[in-house]
Amino acid sequence: GDGWIAPSGLMAVGSREYTEVAAAAYVAAAEGLGWGVALAQVKAAFGKADAALPLKVAQTPLLKGVSQLFSALASADVKLGIVSSDVHQEVEAFVDYYKCKEIGWYCGASDEHLPKTHPDFLNFACEALVVSPLATLVVGDSASDLALAQQGSAGFVAMLGGWSRLPVIEGVDTGELSQKAGREVSALKIASIRSLQEVEVF
């Protein structure tokens, strides 16, 4: 209602598929259309919007400190990957556009991959990176990112910066958790940060 995208809302964290389904449900109800027709209309409208709008990747710049952090982590032999609910082609474009050479693997929504919300996605991602979930740290800004870490024994860092409004992640006390604090929640190590400058690489 304040003109900003809600950090935990559909537009921010919903996959392209979920967004199309939500829009099609509204169109079907509002226009009295059959499901197949409504979904086809929404897909066509989204396609036209993609073609008409500026290049998406240029509108989603890296947060301050990301390049330096990637470089430091790679120098420490930490394997890096990106997972997203956005379509796979957009994730690929993002990695290429910002020359994220340290990213060894990335995955977006695609018929060829498990979705990020799949209950076995953490194992899928770790197998692709050739790492153990026990040695994995998930960094994210949504409840689905926390749920990903909770699939196994990965740690979780809530990245709260980059939004006009602080993200609300159920299970993470964003108001009281200090910058370098951590706590155990169901055997999951959780911490939160406001800026990538708070991350130290040893």
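User: Hi! Which residues of the largest nonpolar core touch the most other members?
Analyst: Hi! In this predicted model, Trp 105, Phe 121, Val 138 and Phe 156 touch the most other members of that core, which has 16 residues.

User: Nice. Which elements each supply at least two residues of this core?
Analyst: Those are strand S2 (103-109), helix H6 (121-129), helix H7 and strand S4 (155-159). The largest share comes from H6, with five residues.

User: What does a second, separate core include?
Analyst: That core has twelve residues, and Val 57, Val 66, Ile 82 and Tyr 98 are among them. As background, nonpolar side chains tend to be buried together in soluble globular proteins.

User: Switching topic: where is Asp 145, and is it buried or exposed?
Analyst: Asp 145 sits in helix H7, which covers residues 143-149. Asp 145 is buried because its relative accessible area is 7%, and the cut-off for buried is under 20%.

User: What does the side chain of Asp 145 reach?
Analyst: The Asp 145 side chain reaches the backbone nitrogen of Asp 141, at 3.0 Å.

User: And leaving aside neighbours within four places in sequence, what is Asp 145 in contact with?
Analyst: With those set aside, Asp 145 is in contact with Lys 116, Val 138, Gly 140 and Phe 156. You've met Val 138 and Phe 156 already, as two of the core residues that touch the most other members.

User: Which residues are on the covered face of strand S3, and which on the uncovered one?
Analyst: Val 138 and Gly 140 make up the covered face of S3 (residues 137-140), while Leu 137 and Val 139 are on the uncovered face. In general, side chains in a regular strand alternate between the two faces of the sheet.

User: How many bridges join S3 to S4?
Analyst: There are four, and the two strands run parallel. In that pairing, Val 139 stands opposite Val 157 of S4.

User: Last one, Asn 123. Where is it, and how accessible is it?
Analyst: Asn 123 is in helix H6. Asn 123 has 34% relative accessibility, so it counts as partly exposed.

User: What polar contact does the side chain of Asn 123 make?
Analyst: The partner is the side chain of Asp 120, at 2.9 Å.

Conventions: Residues are numbered from 1 along each chain as its sequence is written. This is a predicted model: local features need pLDDT of at least 70, side-chain atom pairs count only at pLDDT 80 or more; totals for chains, interfaces and linings use all residues. Side-chain values use heavy atoms; hydrogens and water are left out. Buried means under 20% relative accessible area, exposed over 50%, partly exposed in between (1.4 Å probe, protein chains only). A polar contact is a pair of N or O atoms within 3.5 Å; within protein, one must be able to donate a hydrogen and the other to accept it, and residues adjacent in sequence count only if both atoms are side-chain atoms. Contact means heavy atoms within 4.5 Å. A nonpolar core is a set of buried Ala, Val, Leu, Ile, Met, Phe, Trp, Tyr and Cys residues joined through side-chain atoms within 4.5 Å. Two strands pair if DSSP finds at least two bridges between them.
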